[in-house]
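Subject: Structure handover and notes

Dear colleague,

I am passing on the structure below, together with some notes on what was found in it. Please read the notes with the structure open beside them.

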Amino acid sequence: MIRAKGAIALSLGAALTLSACTDPNYAGIDRTKTKNGAAIGAAVGGLFGAITADNSGKGAIRGAAVGAGIGALVGNELDKQEADLRRDLGNSDVQITNTGDRLIVTLPQDILFATASSTVRSDLQRDLNAVAGNLMAYPDSTIQILGHTDNEGDASYNYGLSERRANAVADVLLDAGVPFGRIQTIGRGEDQPIASNLTPEGRAQNRRVEIVILPTAA
């Protein structure tokens with residue numbers, strides 16, 4: 001019975017996903033992440049509904065409908081926010097990743113800071129101010145700022161440096177007007193590499209600050 005409920009929920013989620021992506025006002029925006037958001041919402045909502053449903057299966061259907069609707073709205077808003085952010089930044093060194101339920105802005109530490117420094121370079125202030133303006137234009141989110149390092153040197157020093165650098169980026173956003181209550185800073189040190197630390201190129205990728213934008217409706 002739960003398997004049947006799941007099929008109904010996912011079918012409904014798919015229908016809602018398609019209907020949520022036909023707004024002609026944003027025809028030039030990639031709708032893939034909107035669809036992903038709706039699908040994620042439908043799956044989560046349908047699962048929750050199935051767990052709490054009676055034998056009629058109505059709980060799964062309602063859960064999928066609500067979840068898909070919320071997911072599609074979140075995905076749609078993230079699509080627009082991503083497009084605005086790419087337009088305003090114009091810096092090919094800054095990566096923007098849209099997962100469908102969050103945006104991740106990755107800034108290589110080598111362009112943000114001098115070696116062993118936690119002072120943001122003056123020429124990067126404009127980019128961070130652009131991010132701050134975007135965050136204020138889309139206020140319904142919380143922001144995590146995560147500092148990362150490579151594994152060169154002492155691990156405890158790297159952890160402290162990553163924390164100071166995350167705080168330095170947060171300070172720029174705060175000075176530009178982003179409310180304090182929306183921001184959380186986290187130092188990861190060398191614990192979460194995204195590339196091999198055995199090569200200079202890999203270590204450069206691991207030295208980074210990530211600004212993770214999490215919609216409050218997610």
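I begin with a pocket: α4 and α6 each supply at least two residues of the lining of the second largest pocket, and α6 gives the most to that lining, with four residues. Helices here are DSSP runs of H or I with at least four residues, strands are DSSP runs of E with at least two, and both are numbered from the N terminus. The second largest pocket has a volume of about 220 Å³ and is lined by 14 residues, of which Thr115, Ala116, Leu161, Arg165 and Arg207 lie nearest its centre. A pocket is defined on a 1 Å grid over the protein atoms alone, as an open set of points where a 1.4 Å probe fits, with protein on both sides within 12 Å along at least five of seven lines, and a lining residue has an atom within 4 Å of a point. Grid points are joined across faces, edges and corners, and the volume is the space filled by probe spheres set on the points.

Before going further, please keep in mind that this is a predicted model, in which local features need pLDDT of at least 70 and side-chain atom pairs count only at pLDDT 80 or more, while totals for chains, interfaces and linings use all residues. Residues are numbered from 1 along each chain as its sequence is written, and side-chain values use heavy atoms, with hydrogens and water left out.

Overall fold

The chain has seven helices and five strands, which run α-α-α-β-β-α-α-β-α-β-α-β from the N terminus on. Of the 218 residues in the chain, 44% are buried, where buried means under 20% relative accessible area, exposed means over 50%, and partly exposed lies in between (1.4 Å probe, protein chains only). Among contacts (heavy atoms within 4.5 Å) between residues at least 6 apart in sequence, 71% join residues at least 24 apart.

The strands

Strands are taken to pair if DSSP finds at least two bridges between them. Strand β1 (residues 95-98) pairs with β2 in the antiparallel sense over four bridges, and the bridge partner of Gln95 in β2 is Thr106. These two strands, β1 and β2, form a hairpin with four residues between them, and Gly100 in the turn has a positive phi of about 100°. β2 also pairs with β5, in the antiparallel sense and over six bridges; here Leu103 stands opposite Ile213, and Ile104 has Val212 as its bridge partner. Eight bridges join β3 to β5, again antiparallel, and Gln144 stands opposite Val212. β5 is mostly covered, with eight of its eight residues buried: Arg208, Glu210, Val212 and Leu214 lie on one side, and Val209, Ile211, Ile213 and Pro215 on the other.

The nonpolar core

In soluble globular proteins, nonpolar side chains tend to be buried together. A nonpolar core is here a set of buried Ala, Val, Leu, Ile, Met, Phe, Trp, Tyr and Cys residues joined through side-chain atoms within 4.5 Å. The largest one has 32 residues, of which Leu112, Val120, Leu128, Ile145, Val169, Leu173 and Ile211 touch the most other members. At least two residues of this core come from each of α3 (58-89), β2 (103-108), α4 (109-112), α5 (125-137), β3 (141-148), α6 (155-175) and β5 (208-215), and α6 gives the most, with six residues. Leaving aside its neighbours within four places in sequence, Val169 is in contact with Leu112, Phe113, Val120, Leu128, Ile145, Val209 and Ile211.

Glu82 lies in helix α3 and counts as buried because its relative accessible area is 15%; not counting residues up to four places away in sequence, Glu82 touches Ile96, Asn98 and Leu103. Asp191 is found in the loop between β4 (183-189) and α7 (200-206) and counts as exposed, at 64% relative accessibility. Asp191 and Asn158 are 33 residues apart in sequence, and their C-alpha atoms are 9.7 Å apart in space.

With best regards
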